[in-house]
Amino acid sequence: MFKKIISLGLSFSIIFGLQIPVFAGEVLNQIKATGIIKAGYREDTPPFAFADNQGKPIGYSLDILELIRAQTEKQLGKPIKLELVKIDPSNRFQKIKDGTIAIECGSTTVTWEREKIVDFSTSYFASGTQMIVNKGSGFANNNSLSGAKIAVIPNTTNEKAMKMFAKGANLMAVKSEEEGWQKLKQGEIDGFAGDGILLQALKKQSNNPEKYEIVPEFPYMIESYACTLPQDESQWRDIVNYSIVEFMQGVVTDTPSAVKIYERWFGENGNTPYPIETMADYFQGIANGYEWILIQERY
């Protein structure tokens, strides 16, 4: 992967590390005063955020939050802790708006409508709306969905995609990925529509994954994940973006610590395997829009 960015690196006569000044925005003032970043997380979206066997929150998004915590601590010059707050799809944006949390990193899709009430960081993953169905069910294309009972979480981009591309289906509301998954296993529905990467996690963790398939092969709608942030807090967003871009640049350049985080969740033996080469191309496209960061671990 590193060979891909050699030409880009050579285009700079001198490569400097981006230094973020300490800002005095409202969110940063609060973080500096309390020493705490209040961050929202969900317990039901592996590999992004979920609880392990001991009930401890873990996941790719939690690792991203830890990178943000460390960068904030560095910039503010004092110890900073993460305080995790449970959220769900129905209250995640409200908790950002009312100040309960300063950030939420999960499987949250960036949309123009949501941009009216919250801000987003740069994207740190991409997936798309698909369905998990019984293998061989025939529900692999739009034409086969007439009359099919498809579960979906309301007020999500997945619901929007299914209303647009599966108009013949009967959509049924569920509160979570777990509820949709259980209804499919119990034969109450024909399929559950959600983010493809989350559906892959459900399938892999099943006792009989061979009974299920993810369809269609190409998602109904491609979606970019990002951290949700309070509106008009550009100084806080800068620190968040710096942390994410540094991580993505690390994946692109095979930096061990960044690759380790990715492989933990998406590697061959990770929670939900997803080719690092594919995501590195996505990361590079985003990182190219920012000033090159001097990663001490590499240089």
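So, what covers the buried residues of α5? Among the covering elements are β7 (119-134), β8 (149-152), β9 (170-173), β10 (191-195) and β12 (222-229). The buried set in α5 itself is Thr157, Asn158, Glu159, Ala161 and Met162. By buried I mean under 20% relative accessible area, with exposed being over 50% and partly exposed in between, using a 1.4 Å probe and protein chains only. Packing and covering here go by contact, meaning heavy atoms within 4.5 Å. And helices and strands are DSSP runs, H or I of at least four residues for helices, E of at least two for strands, numbered from the N terminus.

A word on what we're looking at: this is a predicted model, where local features need pLDDT of at least 70 and side-chain atom pairs count only at pLDDT 80 or more, while totals for chains, interfaces and linings use all residues. Residues are numbered from 1 along each chain as its sequence is written, and side-chain values use heavy atoms, with hydrogens and water left out.

Now, β7. In β7, 15 of the 16 residues are buried, so the strand is largely enclosed by the rest of the structure. Which strands does β7 pair with? Pairing, by the way, needs at least two DSSP bridges between two strands. With β12 there are seven bridges, antiparallel, and alanine 126 has serine 224 as its bridge partner there. With β10 there are five, also running antiparallel, and threonine 129 sits opposite aspartate 195. Then β11 (residues 212-215) pairs with β7 through four bridges, antiparallel again, with valine 133 facing glutamate 213.

How many cavities of 30 Å³ or more turn up in the whole structure? Two. The largest cavity has about 110 Å³ of space. Its lining counts 15 residues, with Arg92, Ser107, Thr156, Asn158 and Asp195 nearest the centre. For the record, the search runs on a 1 Å grid over the protein atoms alone: in a cavity a 1.4 Å probe fits but cannot get out, a pocket is an open set with protein on both sides within 12 Å along at least five of seven lines, and lining residues have an atom within 4 Å of a point. Volumes are the space filled by probe spheres set on the points, which are joined across faces, edges and corners.

Next, helix α2, residues 26-34. Val27, Leu28 and Ile31 are buried. Looking down the axis of α2, those buried residues fall within an arc of 95 degrees, so they line one face of the helix; the arc is taken from the directions from the helix axis to the C-beta atoms. Over on the other side, Glu26 and Ala33 are exposed. The buried residues of α2 pack against β1 (36-41), α3 (60-76) and α8 (234-252).

Proline 46 and proline 47 are joined by a cis peptide bond, omega about 5 degrees, and proline 47 is in the loop between β2 and β3. Valine 215 to proline 216 is cis too, with omega about -15 degrees, in the case of proline 216 in the loop between β11 and β12. Aspartate 232, in the loop between β12 and α8, has a positive phi near 60 degrees. That residue counts as exposed because its relative accessibility is 71%.

Last, the chain overall: 10 helices and 12 strands, with 51% of the 299 residues buried.
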